[in-house]
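Reader: I am new to protein models, and I would like to learn how to read one feature at a time. Could we go through this one together?

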Amino acid sequence: MQVESLKLEHFRNIKEALLEPSPGVNVIYGENAQGKTNLLESLWLFTGCKSFRSRRDKEMVEFEESFAKNEMHFRAFGREQSATLWVDKKRSAMKNGVNLRSPAELIGSFYAVVFVPAHLSLVKDGPAFRRRFLDTALCEIKPNYAKALAKYNHTLVQRNALLKDIMAHPELLDTLDIWDDRLATVGAYIIAERVAYAENLSEKTDSIYRGLSGGKEKITVAYQNNVKAYSADAAEVKAMLLSLLQEKRRDDLENRITTSGPHRDDLKIEIDGLSARNYGSQGQQRSAALALKLSEAEIIKEKTGEDPVILLDDVLSELDVSRQDYILNHMQDRQVFLTCCDPSNVLRLCGGKSFLVEGGQIKKAE
């Protein structure tokens, strides 16, 4: 997987820019708030996933402009390809000259892994961040997972609405069985996929984290679900989830919300047997989050045969030289886009090209 050129128009603070990167490491440097992260975000959008920064598409359009346009030429699956994204009231996309029904149809065409400082929430904050990590990673490699997740969330909203309506209309109680079955069917698929992914993730994360820590520490990653179903067999998980929904029905009716299912699950991360969230130092938490993201890249390569593009936003500045070196060594033979304020230390380690970004413009390339 390799980006050959990226052209932007009216994307955030970038009025117009053309980036022709190296096939290796590309260092994007400059002062804060100049547009470095905007370049990474524009690349990430070609995965077909939503922005890692904002939920509103209109925020990606340059102030006082009516649209943004991103165009990328890249090499994937042994051939030259192109993709175009437009952003106005909503996003639209084209791939190899063919209009797509939605940008989500780009999923599976271009792979990338992104790490930004906010991803420390993977370790430091609540379960919602870890669920989102699992879901985003799975959506990239399994388009059917993205569809199932959307269906699950829609079904969950409908079931919660019914739980509220039953209080005023008890005759609706009989219809709850229908929604339970629908929720259990798609929820079981999500749990089974997460279980299988987490097992693979745990093995790879431990290997990478041992390298980062010089073999001094061990990390474990385990998927925790309230159904207590740890099988990759969706039929088996469905029976367990359906049973739990029926068992918790009284609680759900009293609380007017669905208390069981994959929307309440978590990813347990421990370092040397202790919670990384509660007991990990800042350096341990950062290393753990980085190890998770680098493991995600390895799984993409394993499942698709393609090395994903690596997008790193200001992640090496707080690491010592040995950890920087280890991370960069794990990205050999991959294309990397890395932002920083001072490129000198990184360039000493990895060479490649550097780009100065100032006021939303690419000033020079080396």
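Reader: Which residue in strand 4 is the bridge partner of Ser5?

Author: Let me begin with how the model is to be read: it is a predicted model, in which local features need pLDDT of at least 70 and side-chain atom pairs count only at pLDDT 80 or more, while totals for chains, interfaces and linings use all residues. Residues are numbered from 1 along each chain as its sequence is written, and side-chain values use heavy atoms, with hydrogens and water left out. As for strands, they are DSSP runs of E with at least two residues, helices are runs of H or I with at least four residues, and both are numbered from the N terminus; two strands pair if DSSP finds at least two bridges between them. In this structure, the bridge partner of Ser5 in strand 4 is His73, and seven bridges join strand 1 (residues 2-11) to strand 4 in an antiparallel arrangement.

Reader: How many bridges join strand 4 to strand 5?

Author: Nine bridges join strand 4 to strand 5 (residues 79-87), and these strands run antiparallel; Phe74, for instance, stands opposite Gln81 in strand 5. The hairpin of strand 4 and strand 5 has two residues between the strands, and Phe77 takes a positive phi near 55° there.

Reader: What is the order of the strands in the open sheet of six strands?

Author: The order is 2-1-4-5-6-7, with antiparallel pairing, and the edge strands are strand 2 (14-19) and strand 7 (98-99), each of which pairs on one side only. Strand 7 pairs with strand 6 (residues 91-95) over two bridges in the antiparallel sense, and Met94 stands opposite Asn99 in strand 7. Helix 1 (residues 36-44) lies across strand 1, strand 2 and strand 4, running at about 110° to strand 1, where axes are lines fitted to C-alpha atoms, for helices over the stretch in contact, and angles run from 0 to 180 degrees between N-to-C directions.

Reader: Which residues of strand 4 are on the covered face, and which are on the uncovered one?

Author: The covered face of strand 4 (residues 68-76) holds Ala68, Asn70, Met72, Phe74 and Ala76, whereas Lys69, Glu71, His73 and Arg75 are on the uncovered face.

Reader: Is Glu64 buried or exposed?

Author: The general idea is a set of cut-offs: buried means under 20% relative accessible area, exposed means over 50%, and partly exposed is in between, with a 1.4 Å probe and protein chains only. Glu64 has a relative accessible area of 70%, so it is exposed; Glu64 is found in the loop between helix 1 and strand 4, and its phi is near 70°, a positive value in a residue other than glycine. Asn96 also has a positive phi, of about 50°, although it is not a glycine; Asn96 lies in the loop between strand 6 and strand 7 and is partly exposed, with a relative accessible area of 31%.

Reader: Where is Glu217 found, and why does Glu217 count as buried?

Author: Glu217 is found in the loop between helix 5 and strand 9, and it counts as buried because its relative accessibility is 18%. A contact means heavy atoms within 4.5 Å, and Glu217 touches Tyr209, Arg210, Ile271, Asp272 and Gln284, not counting residues up to four places away in sequence.

Reader: Which strands does helix 5 lie across?

Author: Helix 5 (residues 176-212) lies across strand 9 and strand 10, running at about 175° to strand 9. An open sheet of three strands has the order 9-10-11, with antiparallel pairing. Strand 9 (219-224) and strand 11 (274-275) each have a single partner strand, so one side of each is left without a neighbour in the sheet. Strand 10 (residues 266-271) pairs with strand 11 over two bridges, and Glu270 has Ser275 in strand 11 as its bridge partner.

Reader: Which residues touch the most other members of the largest nonpolar core?

Author: A nonpolar core is a set of buried Ala, Val, Leu, Ile, Met, Phe, Trp, Tyr and Cys residues joined through side-chain atoms within 4.5 Å. The largest one here has 106 residues, of which Phe110, Leu311 and Phe337 touch the most other members. Its largest share, 13 residues, comes from helix 5. A second, separate core of six residues includes Leu162, Leu163, Ile166 and Leu253.
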